[in-house]
Amino acid sequence: MQLPLLERVKKQGITFAMTPRIRSGSSTGTYCAVPDQSITKIPQRPLAHGEQYRFHFDMTKCIGCKCCVVACNEQNGNPAHINWRRVGEIEGGWYPNTQRLHLSMGCNHCLEPTCLTGCPVDAYTKDPLTGVVIHNAQTCIGCQYCTWNCSYGVPQYNSERGVVGKCDMCHNRLAEGREPACVGACPEGAIQIEIVNIAEWKRNYAASANAPGLPSADDSLSTTRITLPASLPPDTRKVDLNRVRPEHPHWPLVFMTVLTQLSVGAFATIWLLQILGEQARLNIAALVSLAVGGLALAASTMHLGRPIHAYRALKMWKRSWLSREVLLFGLFSKIAFAYAALLWLSWPGSHVAGGLTVFAGVAGVTASACIYLVRPRPAWRSRHTVAEFYLAGALLGPLLAANLGLGARQWLISAAVVAAGLQLLNLLVKFLWLVSSDIFELKASARLLSAQLRPLLLMRCVLLVVGGIVLPLQSQSAVSLAVAFATAFAGEILGRYLFFVSVVPKNMAASYLSGRKAAA
Amino acid sequence: MTLKRQLGLDILAGKYSYGTDPVTGFTSAQKIPDRWVATTCGYCSVGCGMLVGVKDGKAVSVRGNPDHPVNRGLLCPKGLSEHHTIEAETRARYPLLRKNGKLTRISWDEALETLVAKFRGVQKKYGPDALGVLSTGQLVTEEFYALGKLVQLGFGTKNYDGNTTLCMASAVSGYKRSFGSDGPPGAYEDLEKADVILLLGANVADNHPILCQRLEANQSKILIVADPRVTKTAMMADIYLPLKPRSDIALINGLIHILLEQDLVDRRYIAQHTTGFDALEESVRKYTPEFVSRITGLSQEQFLRTALLYGHAQAPFIGWTMGVNHSTKGTETVNAINNLALVTGKIGKPGASPFSITGQCNAMGTREAGFTSSIPGYRKFESVRDREEIARLWNMAPGRIPTSRGLAYPDIVEAALAKKIRALWVIATNPVVSFPNLGILQQSLEALDFFVVQDGFHPTPTSELADLVLPAAIWGEKEGTYTNSERRVSKVNAAVPAPGEARSDFDIFLAIAETLGCREELFPDWHGPKDAFEEWKCVSAGRLCDYSGLDYELIEKHGGIQWPFPTGATEIATSRLYTDGRFQTEDGKARLFPIEWEPFPEQPNDDYPFVLNTGRTVEHWHTRTKTAQVAILQHLSPNAWLEMNPRDADALKLQPHAHVDIVSRRGRTSGVELRITEMIAPGQVFMPFHFAETNVNQVTQSAFDPFSREPNYKQCAVRVEQTPPSSTKASGFGWFRGKSTTAQERRP
């Protein structure tokens with residue numbers, strides 16, 4: 001029989017596996033062909049100046065067995081749903097030239113850790129010796145701001161404890177000269193600890209720290225080095241792209257943000273009316289607004305895993321927007337109290353106190369908005385967030401004041417209607433921005449809003465238009481105004497709920513399965 | 001939640017504290033044990049050595065045994081979390097008897113008396129073979145040995161088989177036909193010494209991940225993987241052969257065809273050590289590259305490259321698992337594989353072997369000692385000499401030894417349906433999830449007069465239907481030995497006591513023998529597993545699976561020792577069978593068989609256009625009685641899925657994550673999450689078989705290998721439909737759920 005192909009492959013020099021390298025068995029008889037790899041799995045020399053530890057992940061070796069995940073959970077005694085090390089899947093190519101690759105990741109122990117910079121209580125430290133980003137559960141108050149600040153979804157909130165936790169590279173094991181749990185458990189030797197020169201890495205990280213299925217290493221200068229296969233199919237992508245779910249609503253924060261904005265809006269209204277010479281019932285309005293503000297601050301502590309330690313959040317005001325928010329709203333509430341007292345007692349100086357109240361309040365709302373302008377949550381990171389927060393105050397403040405029987409009702413209603421119109425515009429522009437974006441997280445957010453969340457989005461618009469525009473313009477009876485305020489308030493609450501649930505955070509690739517029962 | 005916790009004064013610092021274990025170092029304090037107990041993993045047949053950490057009488061942690069020759073300290077995710085199976089809520093704790101339709105707790109005495117009375121009653125009325133027994137590959141060898149004697153000699157029924165028939169039976173039958181005996185010839189070390197590794201229908205990356213380190217260590221090999229699905233293992237291959245479902249025989253015959261053409265066969269070996277070559281040569285004549293290419297769908301170039309690589313290899317290794325075995329042609333495919341190894345003389349040499357990578361932790365043990373498809377010690381029912389020998393060893397009349405094998409697993413099920421079998425005893429297996437075409441099985445279980453389930457877990461879909469439930473100890477709670485894929489015998493030890501009144505299967509068998517009145521005859525002076533092991537050593541002496549030089553201490557010392565290990569053996573080196581070219585046939589020569597490719601039985605058509613393939617995922621074990629109870633595994637792999645090529649999904653207008661029904665002529669599996677992926681070829685779909693809630697065996701087929709009686713799980717014709725939105729309940733066993741965790745808990 002002719003074998004033209006044999007001729008061809010011979011001519012083309014394709015060599016077959018006629019290798020003589022059949023190694024002889026060890027003479028002792030016991031099996032020891034696989035060398036003890038632990039020596040090469042962790043650094044064998046001390047760190048020099050300007051160096052730190054990092055993970056190396058070899059994607060060409062990983063078989064997706066998830067031993068690292070199980071070993072990590074056992075090492076740290078974590079419940080099943082908290083995984084400090086995770087394995088995601090990316091896939092590309094066409095049958096039969098398909099490649100599914102796995103991405104195993106703990107913490108990237110970034111050079112510019114955003115979890116650390118955002119933390120209001122200084123629970124994070126970047127270990128000066130090893131560069132490991134360490135989280136201190138004792139200090140943590142469970143505000144979960146770090147979980148929004150990490151592009152990789154590394155810090156995870158443990159509701160059983162009320163604090164966050166994360167991968168610390170098992171640095172206590174490294175100190176003992178032992179490999180981290182994930183490193184030791186990997187049957188393929190795909191995970192290692194290495195030493196990295198920080199300055200060098202800063203110059204060259206882009207090529208080795210990025211991988212398909214991972215957010216850009218630019219966000220925080222990840223130190224993890226990833227070895228990718230020599231060639232990847234061009235369409236290699238996360239397998240969980242179609243598995244977008246609403247995020248957690250954070251109900252205390254929904255109420256806290258809307259109520260603080262209402263309170264600040266109301267004080268601004270009161271103060272402006274005072275400046276314009278109105279006097280009737282300002283003291284009552286101030287008292288109500290103060291109560292609203294108090295309610296908001298109470299709501300904010302409900303969000304914390306450890307409310308008793310809420311005061312700690314003041315600590316990092318030089319660095320963390322969350323600290324600044326707490327500080328400014330704290331100031332706001334105290335000055336507002338003074339303002340209300342001065343108004344109530346009709347003492348002089350209330351104009352100045354009112355001005356300071358409004359200043360602190362607006363600054364607080366600004367800080368509040370800035371909290372959400374984080375890279376890992378692209379749908380929040382826009383001027384629409386700032387606008388939404390201001391406009392909520394601008395809509396609800398005057399409406400509340402009108403309900404409390406303050407003067408210049410016509411002006412108040414006009415202000416509210418204008419604010420409602422702008423809020424609606426802001427909403428529409430934001431939605432168009434999301435829909436037209438090429439960025440996965442923004443598109444996914446638009447998909448959520450236009451599919452699963454569509455009824456709520458429509459209701460939010462209806463409430464805004466009815467409560468903020470139709471009712472106030474139609475009738476100014478006390479009942480109508482009360483209904484208008486309630487409707488507009490409900491609209492803002494729903495809007496804020498959608499703000500929280502419709503954001504799609506950046507994250508590493510996950511696995512495909514949804515873990516949910518068949519849809520009913 | 002306490003007030004202190006709600007306020008944040010308490011963050012469960014104790015529970016989440018760390019400590020330093022003197023052996024393993026810094027770790028979660030709750031995982032630091034008082035002592036470590038060496039044992040062998042109880043999941044698959046890789047046979048990893050491990051240590052169980054025990055603290056206050058509870059198993060709190062596990063770690064791979066760094067000194068064990070198989071795994072050198074490494075474990076797969078199931079092994080790494082195996083201690084959690086012991087604490088599962090669904091452990092069987094007390095004997096239960098169905099009274100007025102309800103399973104009610106009874107005493108062990110009542111349980112044993114009831115079992116014996118009912119079994120004896122049925123046998124008296126309908127004949128001894130009206131009792132059927134279905135066992136497993138999960139017990140220790142000592143238990144298999146005891147059970148075999150109890151069933152065949154005590155109860156006197158031949159209708160005894162194991163779930164190994166759903167798994168490795170085709171390898172067993174294939175080995176017996178080709179080599180004259182069961183027994184995998186190779187060793188794991190061959191994975192490191194081979195220059196060409198051909199894996200047929202074996203997804204080791206998902207199913208035997210700890211073997212992958214051997215592949216990784218062998219940098220000079222060429223890995224060829226033949227599988228219709230682009231499995232994780234296929235993605236590791238140097239050459240991937242995406243052949244059409246069940247075209248492997250054509251591929252192998254084609255390889256032999258080329259090797260003959262190119263004179264890459266070992267004519268001297270063929271002449272000296274085989275018979276049947278002429279018929280084989282004749283039969284492969286038509287398997288030309290054109291013909292093979294047409295049947296397999298491979299390009300001629302791919303195929304020729306493979307043939308030349310294999311032909312020129314000095315140490316080619318052929319590994320296979322269920323892609324070969326789960327087939328009506330399973331046994332013959334194994335024979336074809338053996339043909340390929342034999343004509344090249346590549347068997348019994350370092351690196352070179354045909355090698356079945358076994359499934360269950362001790363499937364090998366029941367094959368050697370179990371008295372199901374053969375008499376203990378790989379003896380043949382048909383052989384007068386073998387029967388006389390075993391009768392002499394057992395000190396009984398040769399007439400008591402059965403002269404033929406009883407019914408195999410699927411035939412026991414059919415006999416129950418036909419009311420020929422009236423009582424059934426199921427031990428450590430879960431057929432209501434694992435048996436193909438479940439409807440048949442359910443009818444046959446309903447037809448029984450008396451149904452006993454002996455298991456470590458209750459409720460399982462099977463134990464729910466039982467009249468009598470016997471609670472058994474599981475891995476970590478009992479002593480004995482397992483034999484792994486490479487014939488390595490490892491020790492299994494008890495780390496903790498069994499829960500409630502659960503007893504080891506060994507104790508249960510002896511207690512039943514006592515009640516039956518045959519304990520003294522069958523198990524004279526037996527007290528523990530060691531007594532069984534000592535007797536088994538004598539019974540195995542001189543056989544291929546010779547244990548006679550082994551003892552518990554020696555095994556423990558070396559972590560595991562391969563048989564044959566006859567009395568006086570001292571060398572603990574890796575061993576291979578048939579190194580001298582002498583086989584276990586009458587004439588000492590291996591048999592070559594002409595094997596013909598045939599299409600698989602149920603071809604797709606317009607109504608059922610897809611070929612359904614089934615398999616596993618790394619996180620789960622078989623029917624999930626264990627792994628569904630391990631929260632981390634359940635979290636990592638929460639539900640079943642159906643893989644479908646994007647082209648097919650487009651045509652059916654199905655979206656990713658849609659819930660679909662899989663429908664065959666036999667039934668429907670509802671509400672399966674759709675995974676649209678290029679891992680699967682157009683026209684094929686794949687689904688894992690672990691999930692009782694969405695059970696693929698509601699659609700698989702009753703078609704069995706004529707030799708091994710192994711089911712054809714791997715191919716049947718189905719259609720796929722979007723699950724109607726109204727069907728809120730997933731089909732099957734809605735109550736059978738694993739521990740669930742909600743992803744939402746992450747961000748409260």
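The dialogue below takes up confidence, domains, interfaces, sheets, helix packing and backbone features in turn.

Author: One begins with the conventions. This is a predicted model, in which local features need pLDDT of at least 70 and side-chain atom pairs count only at pLDDT 80 or more, while totals for chains, interfaces and linings use all residues. Residues are numbered from 1 along each chain as its sequence is written, and chains are lettered from A and ligands numbered from 1 in the order in which they are written.

Reader: What pLDDT does chain B average?

Author: The term pLDDT is the predictor's confidence in each residue, from 0 to 100. Chain B averages 94, and 97% of its residues score at least 70. Residues 728-748 of chain B stay under 50 in pLDDT, and the model has 54 contacts for them beyond four places in sequence. A contact here joins two residues whose C-beta atoms, placed from the backbone, lie within 7 Å. For the complex, the predictor gives an ipTM of 0.94 and a pTM of 0.93.

Reader: Which domains does the assignment give chain A?

Author: Domain bounds come from an automatic or database domain assignment. For chain A this gives domain 1 (38-238) and domain 2 (251-501), with their C-alpha centres 38 Å apart. Between them, 18 residues of domain 1 are in contact with 18 residues of domain 2. On the domain 1 side, the elements that give two or more residues are helix H4 (114-118) and helix H5 (145-149) of chain A; H5(A) gives the most, with three residues. Helices (H or I, at least four residues) and strands (E, at least two) are DSSP runs, numbered from the N terminus.

Reader: How is the composition of that side of domain 1 of chain A to be read?

Author: Ala, Val, Leu, Ile, Met, Phe, Trp, Tyr, Cys and Pro count as nonpolar, Asp, Glu, Lys and Arg as charged, and the others, Gly among them, as polar. The residues of domain 1 of chain A that touch domain 2 divide into 10 nonpolar, six polar and two charged.

Reader: How many residues of chain B are in contact with chain A?

Author: In chain B, 93 residues are in contact with 79 residues of chain A. Helix H15 (residues 300-312) of chain B supplies the largest share of the chain B side, seven residues. That side comprises 44 nonpolar, 28 polar and 21 charged residues.

Reader: How does one read a sheet?

Author: Strands of a sheet pair through backbone hydrogen bonds, either parallel or antiparallel. Pairing is assigned if DSSP finds at least two bridges between two strands. One open sheet of chain B has three strands in the order E19-E20-E21, with antiparallel pairing. Strand E19 (480-483) and strand E21 (561-562) of chain B each have a single partner strand and stand at the edges, so one side of each is left without a neighbour in the sheet. E19(B) pairs with strand E20 (residues 488-492) of chain B over four bridges, and B:Val492 in E20(B) is the bridge partner of B:Gly480.

Reader: In what order do the strands of the barrel in chain B run?

Author: Six strands of chain B close into the barrel in the order E23-E27-E24-E26-E25-E28, with mixed pairing. Strand E25 (residues 659-663) and strand E28 (residues 716-722) of chain B run antiparallel and are joined by four bridges; B:Asp661 stands opposite B:Glu721 in E28(B).

Reader: How do helix H5 and helix H25 of chain B pack?

Author: Axes are lines fitted to C-alpha atoms, for helices over the stretch in contact, and angles run from 0 to 180 degrees between N-to-C directions. Helix H5 (residues 141-155) and helix H25 (residues 529-540) of chain B pack at about 75°, with their axes 9 Å apart. H5(B) is therefore roughly perpendicular to H25(B), a class that covers 65 to 115 degrees; angles under 35 degrees count as roughly parallel, over 145 as roughly antiparallel and the rest as oblique. B:Thr141, B:Glu142, B:Tyr145 and B:Ala146 in H5(B) meet B:Pro529, B:Ala532, B:Phe533 and B:Trp536 in H25(B). The residues of this contact divide into six nonpolar, one polar and one charged.
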